[in-house]
Amino acid sequence: MQALNENQIILSDQTTIEIPYARLTPWEIERKPGGDPAWLLFVVPDFQGDKPLFLPGLLPVVRQSNMEYALFPNNISRAHFPEYTNILTDYDLTGDGQQDLIIDIGSGAGGVIAHRLEVYSWGASAIVQLANIDAEDGKYAGTPQVEIDDYNEDGFSDIRVTHQKWMDLGCRYEEVKLYSWRGTEPQYSQTSNIEDKLECDAARAITQNLSSQSIYIGDVILSPENLSVDERITMLNRSLTNTTVETAPFVDYIALLRLHLAMAYQSKGENELALDTMVSINDLPHTPFVTAMQDTFLATEEDIVSTCRLMYQDEWFRTLDMNANDDLLAQLGMLRNYGYPTTALQRRMCPFPMVIAGSLERLSLPVNLSPEAAFAANHIEILFQHEFNIDEDPENEWLVIVESAAPQVVVLDAVGDTWQLYRLAELIPPVTDIQVQAITDTLDGNPVLLLQVTQNIYSWFCWGDQQTDILTIGLSEGVYELVDHTTACADDSLPIHSDNLDNNFYESPTDFFYNQQINQIEEMILSGERPFPDLQNELSDLIDTLPNNTPSRQLMHNRLLYLSGLTYELAGDDDQAVATYLDLIQQSPSSPWSWLAWARLAPVEG
């Protein structure tokens, strides 16, 4: 602004001006019809060597009554590149009579910059952002169509973004997002025509994403829906009714749909329908996939659950001939994932987690049988069992993990002559280490059970091959429930120590460095070999210096707070110990270290 005013520069629409260190290109904006203009200045820096002096960007400028230019207060993002940016100012989106500002970024950039729309409104004293709209092509979406008009007929402009999307198994559909405002309050809506696309029924029923936060697995998109078993049965039946061997998109399409339909019936307990559907697959052309599936079915003596268990596992998948089954495997996304299935992909071959979850929900187990015997009688395999008692009755409860192929966490509590079964969570196989700790002294009087389960899976999050699920299982008013489910790395920041893990191998370098220091301090706290004030100073220094980008930062931070409270407690400073424990609990109430702090509070306060 100083350069403009000192040199008495007059801004002219889209006429570039050279000033020291930068080039300015103004865009004239008529905020109100007939009103005083404002300008958006495209500021492009000069270079010093091969580097720009600062990032290019947009600055809103107004001319004051004294005829000097001034920067108008705003929260416009700073980095904008003129060659990839288009300014739209002809639309009143909020109904305030002013022309709002739409910055179209990345359109036609060929993927160099993600396509998005930044939407701003001119307020009385500042420019405020209304929305940041993703208009990117997406991994499994065509180039979206962006249109601006009065679509909801309220007299003001709206922004409509139409995405052409697809999933595997031949599903193509359209998703429309409408952005409108009442003043600066958003009134967004989203619609889709996927319900009208019969060809999408199979994809929606089979490619569900039930275990991952991401909708992508490698090069595969998964349906974000979590459909009920009844909805899946309806969709599969509708697809099969409208498909013949001649019209099927690939040779094993009908066989795959019948397999999933049989498993959905089995999950519902409709065993005769499940068996009839499985047997009907034998009427289809005997492709390598159909033959392999029928061989498995016969080998298990036509046991549907055992058949699906085998088909769900890596070992069965790897027996398939890649070349003979390339259409099927490509449609299931397995060939696009380098031949290594994940649990999300294996569900597409046979949805064993759904089958076993349905079986668990229908079970009635007698208490006169041990959990192992009771589950074995129902053809369910036990991976782990642990006896405990944290409720008020004298009978023990059982924490059980069933089915190594698709581990399910359940609690059994004796009620009369049967076990009350609580299915709490599903884990990712294979499980390599399981630790359990009961905590009965808690602030709210509700005991909890900590379950720490480590899996031998590839984890980018953990810089290695092992990650850990930490489940907090609570008991409230006699009912067991999952209170918290945290994913962490299998390193020394875990709340329950295990000698079965080679922790150092699986830690990121940063985690390893800090955990080594924490371990050393913990040993000194417990041995009493160093003065407690010195240890408190070291704990404080570590808390202050923990990096933000390490995978286990939060767990390490909580562990350090716990150790700080423990140090105060051992030094006899009960007030400070309680304050530190409560600080940890307030910051991270669901953290396993908070539960351990609660357990310490009872003796400290007592």
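This is a predicted model: local features need pLDDT of at least 70, side-chain atom pairs count only at pLDDT 80 or more; totals for chains, interfaces and linings use all residues.

Reader: What makes strand 9 and strand 10 a pair?

Author: The rule is that two strands pair if DSSP finds at least two bridges between them. Strand 9 (residues 100-105) and strand 10 (residues 116-122) are joined by five bridges and run antiparallel, so they pass. The strands themselves are DSSP runs (E, at least two residues; helices are H or I, at least four), numbered from the N terminus.

Reader: Which sheet holds them, and what is the strand order?

Author: An open sheet of four strands, ordered 8-9-10-11 with antiparallel pairing. Strand 8 (85-91) and strand 11 (127-134) are its edge strands, as each pairs on one side only. From one strand to the next, the twist averages 20 degrees.

Reader: What is the order in the five-strand sheet?

Author: That open sheet runs 1-2-3-6-7, again with antiparallel pairing. Its edge strands are strand 1 (17-19) and strand 7 (69-71), each pairing on one side only. Here the twist averages 35 degrees from one strand to the next.

Reader: How many bridges join strand 2 to strand 3?

Author: Nine, with strand 2 (residues 22-30) running antiparallel to strand 3. Glu30 stands opposite Pro37 of strand 3 in that pairing. Strand 3 also pairs with strand 6 in the antiparallel sense, over six bridges, and there Leu40 has Pro60 in strand 6 as its bridge partner. Strand 6 (residues 57-63) then pairs with strand 7 over three bridges, with Val62 partnered by Ala70.

Reader: Why is Val44 called buried?

Author: Buried means under 20% relative accessible area, exposed means over 50%, and partly exposed is in between (1.4 Å probe, protein chains only). Val44 has 17%, so it counts as buried. It lies in strand 3 (residues 37-45), where eight of the nine residues are buried. Its C-alpha atom is separated by 6.5 Å from that of Leu24, 20 residues apart along the chain.

Reader: How do you know that helix 3 and helix 4 are roughly antiparallel?

Author: From the angle between their axes, which are lines fitted to C-alpha atoms, for helices over the stretch in contact, with angles from 0 to 180 degrees between N-to-C directions. Helix 3 (residues 229-241) and helix 4 (residues 253-268) cross at roughly 150 degrees, their axes coming within 9 Å. Angles under 35 degrees count as roughly parallel, over 145 as roughly antiparallel, 65 to 115 as roughly perpendicular and the rest as oblique. That is why the two helices are called roughly antiparallel. Contact here means heavy atoms within 4.5 Å; the residues making it include Ile233 and Leu236 of helix 3 and Leu257 and Leu261 of helix 4.

Reader: What makes Glu147 and Arg160 a salt bridge?

Author: The test is a side-chain nitrogen of Lys or Arg within 4 Å of a carboxyl oxygen of Asp or Glu. For Glu147 and Arg160, the closest N and O atoms are 2.9 Å apart, so the pair qualifies. Glu147 sits in strand 12 (residues 145-149) and Arg160 in strand 13 (residues 158-167), 13 residues apart. Both are partly exposed: Glu147 has a relative accessible area of 22% and Arg160 has 26%.

Reader: How many salt bridges does the structure hold?

Author: Ten. Arg204 and Glu195 make one of them, at 3.1 Å from N to O, and Arg204 is buried, at 1%. In another, Arg309 meets Glu403, with the closest N and O atoms 2.6 Å apart. Arg309 lies in helix 7 (residues 304-312) and Glu403 in the loop between strand 22 (397-402) and strand 23 (408-415), so this pair ties together parts that are 94 residues apart in sequence. Arg309 is buried at 8%, and Glu403 is buried at 0%. Salt bridges with shared partners join Arg309, Glu381 and Glu403 into one network.

Conventions: Residues are numbered from 1 along each chain as its sequence is written. Side-chain values use heavy atoms; hydrogens and water are left out.
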